[in-house]
Amino acid sequence: MKILKDKKVLVSGASFAGLSTAYWMNKLGYKVTIVEIANGLKMGGTPVNIEGNTVDIVKRMGIFEQIKSNRLVMEMLEFKNADDVTEGTMILKREGEQLREDECEIERNTLLNILFDTVKNDVEFIFNNSITALNETNDDVEVTFKDGSQQAFDLVFGCDGIHSAVRKIWFGNEAGYLHFLGQYFSITIVNKLLIKQNTTQFYNVPDKVVMLNAYNNKTDIIFCFRSEKEIPYDYRDEEQQRKIILGQFQEQSWRTAELLDEVMNATTFYFDKLCQVKMPSWTKGRVALVGDAGYCASPATGKGGSLAIDGAAALADAFLQHNGDFELAFQDYNKNFRPFIEEVQAEAIRMGLETLVPGTEEAIRKRNTEGVGF
């Protein structure tokens with residue numbers, strides 16, 4: 001029987017799920033290796049909400065004060081019409097108003113760096129590499145990497161996002177688990193303010209939205225549209241994806257032409273379908289999935305990062321509960337964390353999708369004048 005410090009675990013993916021899982025497994029006494037396909041941390045993406053249960057978790061991790069001192073303070077939400085007239089506003093923070101202790105919004109890159117700094121001296125990182133094969137034996141999992149090398153680990157954690165390689169290798173093709181929500185979106189971040197700082201603006205026509213989010217002298221440009229059917233595209237072909245967005249939005253008014261120019265010329269661009277990952281089990285044998293790989297709720301929730309942090313902690317608590325017995329811990333994780341995930345996924349469909357992209361002019365006017373029930 002190996003003692004715990006001799007037990008080795010492999011984490012695939014160096015994002016929120018991977019870094020959080022690495023943190024907890026290291027705390028539990030395992031020797032942790034993280035493999036990441038990119039040559040460093042993957043930067044970019046919209047800010048992350050840390051609220052509710054996640055606040056308690058980041059306090060346990062000792063990083064809450066850092067998060068709090070880097071929090072974004074969004075002040076205003078504005079709904080625009082084609083003539084750039086503001087049809088409705090929602091005040092998010094009034095002047096002089098104290099911020100609530102139990103919720104923070106933080107730049108994705110800032111939070112990623114905080115997590116990385118928390119684990120970098122305690123875990124081994126392998127960048128520019130990925131898992132290509134897994135073979136489970138009675139005692140461990142033999143892992144083959146893209147560079148041809150092989151190593152054995154006691155456990156493997158797939159924390160590698162919505163298009164998870166670990167899930168594909170071990171649980172089967174993603175088509176069986178990805179549930180398309182009828183929308184596509186793109187995110188581009190430019191290093192300048194296109195609207196007033198700490199403001200979010202929406203411009204909608206039926207089945208389409210253009211959204212701007214300005215903070216820390218940068219602006220997120222988000223395009224999102226409904227599509228009854230899935231659009232075939234290569235998720236590695238950025239030019240093809242930019243053309244899809246251009247084709248959907250080039251005839252629209254408001255500031256759309258100017259924003260499309262920004263998107264076409266920007267270095268940062270991310271495009272994907274809005275979907276949820278639903279699986280009967282997030283574990284099989286000695287392999288477990290954490291975060292978007294197992295239970296993506298869709299970017300419409302703004303909770304991708306926090307769900308990953310929540311999931312890693314739920315898994316760690318299950319290990320503590322069962323004294324490191326991974327089979328019992330995995331059963332516990334599947335059973336006890338699932339109701340929370342199902343609730344978040346249902347809320348994403350009920351609230352997020354309809355609020356972001358109303359389907360009729362009437363629904364847009366109603367949302368613009370009455371606001372949204374955040």
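## Buried, exposed and in between

A residue is called buried when its relative accessible area is under 20%, exposed when that value is over 50%, and partly exposed in between. In this predicted model, E238 has a relative accessible area of 32%, which means that E238 is partly exposed, whereas R242 is buried, with a relative accessible area of 4%.

E238 and R242 both belong to helix α6 (residues 238–249), where they stand 4 residues apart, about one turn of the helix. The two form a salt bridge whose closest N and O atoms are 2.7 Å apart. Salt bridges with shared partners also join E87, E361 and R365 into one network.

## Other salt bridges

The whole structure contains 16 salt bridges, and one of them joins E107 to K218, with 2.9 Å from N to O. This pair links distant parts of the chain, since E107 lies in the loop between β7 (103–106) and α4 (108–119) while K218 lies in strand β16 (residues 218–226), 111 residues apart. Both E107 and K218 are buried.

Another salt bridge connects E36 and K42, whose closest N and O atoms are 3.7 Å apart. Here E36 counts as buried at 6% relative accessibility, but K42, at 46%, is partly exposed.

In soluble globular proteins, nonpolar side chains tend to be buried together. The largest nonpolar core in this model has 82 residues, of which I50, F157 and F319 touch the most other members. Helix α9 (residues 304–321) gives the most to this core, with 10 residues. A second, separate core of 22 residues includes I195, I221, F249 and L259.

Technical notes
Residues numbered from 1 in each chain as written. Predicted model: local features only at pLDDT ≥ 70, side-chain atom pairs only at ≥ 80, totals over all residues. Heavy atoms only, no water. Core = buried A, V, L, I, M, F, W, Y, C linked by side-chain atoms within 4.5 Å. Buried < 20%, exposed > 50% of the residue type's maximum accessible area, 1.4 Å probe, protein only. Helix = DSSP H or I, 4+ residues; strand = E, 2+ residues; numbered from the N terminus. Salt bridge = Lys/Arg side-chain N within 4 Å of Asp/Glu carboxyl O.
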